[in-house]
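Q: I've got a model open and I'd like to learn to read it one residue at a time. Can you walk me through it?

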Amino acid sequence: ISCGKAVKLKHLLSYIHTFKPNVLEAEYVSGIAYKDDASIDQMGQYFLDQGMQEVYISLGKDGVRGFKKDTTVTCSTETIQVVNATGAGDALMGGIVAGSLLGYDFIDKIQFAQSASVCTIETASSVCEELSIDFINQRKNKIQFQVKEKKRCI
């Protein structure tokens, strides 16, 4: 969605279980200015405080920061050859949903979702025609992830 549309969600945040904005959308909806890593953490906490269960803030080439009540995970990949970034965020969200339905734990879900996004980034189309659970998992097995997990006091 766009920032203009994202802000329309502000009064509905307590009804949202899982939210996946990019940094600009998160800034726009939360009202917290993006400055550094600490401001991203503040945005994530803001959304959790609204009643959301899971928040995934896309950081572009720097990966994804995921938030749950007791955990923050930052996950990035090695440099990926970008062919077309259109559709990458949608593929990421689709991967989050699929990972949830498949029962993946938080970190595996993030890595699966990022792999879906990578599959899309590496194709000229905004939708990777080969995208499937098996295709994503095959690509996931070839990606080197950098994962930083931080347990949070609640």
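Q: Let's start with glutamate 54: which residues is it in contact with, leaving aside its neighbours within four places in sequence?
A: A contact simply means heavy atoms within 4.5 Å. With neighbours within four places in sequence left out, glutamate 54 is in contact with His17, Thr18, Phe19, Phe67, Lys68, Phe106 and Lys109. Before we go on: this is a predicted model, where local features need pLDDT of at least 70, side-chain atom pairs count only at pLDDT 80 or more, and totals for chains, interfaces and linings use all residues. Residues are numbered from 1 along each chain as its sequence is written, and side-chain values use heavy atoms, with hydrogens and water left out.

Q: So how confident is the predictor, and which elements have the lowest and highest mean pLDDT?
A: pLDDT is the predictor's confidence in each residue, from 0 to 100. Here the chain averages 92, and 99% of the residues score at least 70. Helix α1 (residues 3-6) has the lowest mean of the elements, 76, while strand β3 (residues 64-68) has the highest, 98. Helices (H or I, at least four residues) and strands (E, at least two) are DSSP runs, numbered from the N terminus.

Q: Where does glutamate 54 sit, and is it buried or exposed?
A: You'll find glutamate 54 in strand β2, which covers residues 54-58. Buried means under 20% relative accessible area, exposed over 50%, and partly exposed in between (1.4 Å probe, protein chains only). Glutamate 54 counts as buried because its relative accessible area is 9%.

Q: What joins the side chains of glutamate 54 and lysine 109?
A: A polar contact of 2.9 Å. That term covers a pair of N or O atoms within 3.5 Å; within protein, one must be able to donate a hydrogen and the other to accept it, and residues adjacent in sequence count only if both atoms are side-chain atoms. Lysine 109 belongs to helix α5. With a relative accessible area of 5%, lysine 109 is buried. Beyond four places in sequence, lysine 109 is in contact with Glu54, Tyr56, Ile96, Gly99, Ser100 and Tyr104.

Q: How far apart are glutamate 54 and lysine 20 in sequence and in space?
A: They are 34 residues apart in sequence and 8.7 Å apart in space, C-alpha to C-alpha. Now try cysteine 153 and threonine 120: 33 residues apart in sequence, and 36 Å in space, again C-alpha to C-alpha.

Q: And where is cysteine 153 placed?
A: Look in the segment after β5 (145-151). Cysteine 153 counts as exposed because its relative accessible area is 84%.
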